[in-house]
Amino acid sequence: MHHYMTYLSIAVYAASFACYARILYVPNVWIGRLASFLLASGIVCHYFALLERSHWIHAVPYDDLYGSMSLFAWLLAVTYLGLEFLHRQRSVGALVTSLLVVWIAMVAAFAPDKILAEPPARGPLFALHVTLNTWAYAAFGLSFILSLVYLVQDRVLRSRHPSAAFWRFPALDVLDRMSRSSVYVGLATMIVGVSLGFLYERRLDGSITWTDPKVVVTLAIFVIYLAYLGLSRTSGWRGARAARMCALNFFVVLFSYTAVNLYLTSFHRFL
Amino acid sequence: MAATPSNPGLAPRAAHGRRVDIALIGCNHRTAPVEFRERIAFTAEQARHAATSLREQGILQEAVVVSTCNRSELYGVPVDSDIPATEAMEEFLTAFHRIPRAGLAGRFYHWAGRDAVQHLYRVAAGLDSMLLGEAEILGQLRTAYSHALDYGSTGPVLNRAFQGALEVGKRIRAETEVGARPMSVAFAGVKLAERVFGNLKGRNALIVGAGAVAEQVVDHLRNRGIGHLQVVNRSPDRAEELAKRFGGKAVPWQSLESVLSSPDVIVTSVGGSGPVLTRAMLESAIGARAGRPVFVVDLGVPRNVDSDAAGLYNLYLYNVDDLGEIVEQNRRAREAEIPRAEAIIAEHVAKFEVWREALAAGSIVDELRGHFHRHREDLLRERLAALPLASDEERQRITQITEDLVERLLVEPSERLRKTQAMRGHLGALDALRHLFGISEKGSAGNSGDSDK
């Protein structure tokens, strides 16, 4: 399979990263706008790369781990761009785009050139279920990045020796709000995604399997992020502790995405 | 700022095909003590009067006076570029302010041409300021230029130079860190508070003690739209005065502990010994505000806030030494940005030079046109006098044909001369052209009369 669109999207994301990194060093409104424009262009290219993969495997692009990882990166980029517009804040862009470049390059490097198995046709309900849940993971991934930046900024502020980069990254309050917005996106997409999954299963088997490890872990993820949202507004948790909790929550998401999907679940496995 | 020349009546020197130089004379905090700067400073009215007089006395054809607490400068375009105008400007300046010329050695600096433009751009960038990179000077330059535009003492050259300076100032502040980081303890405190809360608009502040630095902090907080402001001071009158001045509310000293739970930013600058705010007081305040973060700036010496309070969760405490260290760091960071700022200035000075040369290049077309038409008219007068039988219609036709011929001959050279980029560095060729066609250096084109058609 040719990966032209994947390579193109890597190149455009890399260009966007260069611009975001540049504005961290030298603030410039136009370079900032160019960075956002390139990110949006990268998202468009990446969309076509996913489409290219879909045509190749004759199914939705996430039926294997590589396609799913690529979709995750695409949704992470989409969520970040949305938050960037919402909060008018570009200084985390360099971190997000650098991760995107590395992530997609890894996917492109390790993805097999052969179709591992012919995926069965499962219909739009299933497609929407998987896409929305992947979107939730991507949003939680973004909140993880934002929480890490929060913790670093908080530590620098407490050390009373701010470095040059400290002045460039967003204020703690902005990072907190961005992280919470990202979690809201994740929870909203997860609720709809999981509901569609149940609906799909009910139509298929006439019942819902609550005991599947993927279902259990997904519900656990839902609870821990809800807890984060609640605790992050309470005395004693507000601030760095909530950010630490949000960052740790993402390890459960990673566990669900990797170990559960690859080894523990029966019908949520990658092909 | 509009690029329209404010004084169309003034003919720029380029109309005579000569390079147009800017002359500058001034003094600043480096060359003169404050006593001298006070005497040489201009009010807005004096600046208008000086600019008008300089033009009326035939010293300058364009003039802008820049006067701030740290500098007084006269920028101008001399009427006659062959005479060093800065001497006449200095003479005017000392006479204007009735300052004896004896003992002025080294007080004034003089710059001309490229150096004057470079100086103006450095001033706009804040590189020539006492506080490196300060932003206020850009506003002051804008005001000085805007006043000069209003009373019509500028022309194309100073318009171009000052608009360039404002652009340079903006660009350097946007693209370098020369003016990016706080350089005063008060401002550093406010900027750090912004690192916690983002926008300070609508946040609450408490000022404990009404010292001079605390006043500066309040000023910065107010500029950033701080919401509710409370002032606590041992002397209630002083608290009342400060609260009134900044639109806040004075709180009795005894109520200090009870108001601690509402502010997001606390600034202390109380004299005397022993901490005013203890760890226990702040701990209970944070508890009462449901753990919302508090930023505390302790400007007191000895310290007003118990140093143990720094360990409290969601409390960020900075004392005067911490802020001083940040200011010093920032000063070094700003200095490190100077080469980048100078590179931007060099780029804009080069642009100005290209424009100035193009101005001179463009004017020669008009000179040539005038020169050719004068010869054409002389020739027609001679030859038509020898043709008494020619009708008026025939004479008019011949006149028209010769006019068309001159214009056609000038089409190509005009096009070439107007391509300013291509003409850069070819001013020697222009001089040769003048020499070849007998156009005098003074632009009188051999014959007397206006060079315009």
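**View 1. The largest nonpolar core, with 118 residues.** The residues with the most contacts inside this core are A:Leu76, A:Phe140, B:Ile207, B:Val231, B:Val267 and B:Val296. A nonpolar core here means a set of buried Ala, Val, Leu, Ile, Met, Phe, Trp, Tyr and Cys residues joined through C-beta atoms within 7 Å. Buried means that 20 or more other C-beta atoms lie within 10 Å of a residue's own, exposed means 12 or fewer, and partly exposed is in between, with C-beta atoms placed from the backbone. Helix α5 of chain A (residues 123-159) is the top contributor to this core, giving 15 residues. Helices (H or I, at least four residues) and strands (E, at least two) are DSSP runs, numbered from the N terminus. This is a predicted model, where local features need pLDDT of at least 70 and side-chain atom pairs count only at pLDDT 80 or more, while totals for chains, interfaces and linings use all residues. Residues are numbered from 1 along each chain as its sequence is written, and chains are lettered from A and ligands numbered from 1 in the order in which they are written.

**View 2. Zooming in on A:Phe140.** Skip the neighbours within four places in sequence, and A:Phe140 is in contact with A:Val183, A:Gly186, A:Tyr225, A:Asn249, A:Phe250 and A:Val253. Contact means that the C-beta atoms of two residues, placed from the backbone, lie within 7 Å. Apart from the core of View 1 lies another one, of 54 residues, with B:Tyr75, B:Val117, B:Ala165 and B:Phe352 among them.

**View 3. The open six-stranded sheet of chain B.** The strand order is β7-β6-β5-β8-β9-β10, with parallel pairing. Two strands pair if DSSP finds at least two bridges between them. At the edges sit β7 (249-251) and β10 of chain B, each pairing on one side only. On average, neighbouring strands are turned by 20° against each other, direction ignored. Look for β5(B) (residues 205-208) beside β8(B) (residues 265-268): they pair in the parallel sense over four bridges, and B:Ala205 has B:Val265 as its bridge partner. Helix α12(B) packs on the sheet, touching β9 (294-298) and β10 of chain B, and its direction makes about 75° with that of β10(B). For such angles, axes are lines fitted to C-alpha atoms (for helices, over the stretch in contact), and values run from 0 to 180 degrees between N-to-C directions.

View 4. Strands β1(B) (residues 23-28) and β3(B) (residues 71-78) pair in the antiparallel sense over six bridges; B:Leu24 has B:Tyr75 as its bridge partner.

**View 5. A closer look at helix α4 of chain B, residues 114-125.** Nine of its twelve residues are buried, including B:Val117, B:Leu120 and B:Tyr121.

**View 6. Where chain B meets chain A.** Here 20 residues of chain B are in contact with 18 residues of chain A. On the chain B side, α7(B) gives the most, with four residues.

How values were computed
Expected span 1.5 Å × (residues − 1).
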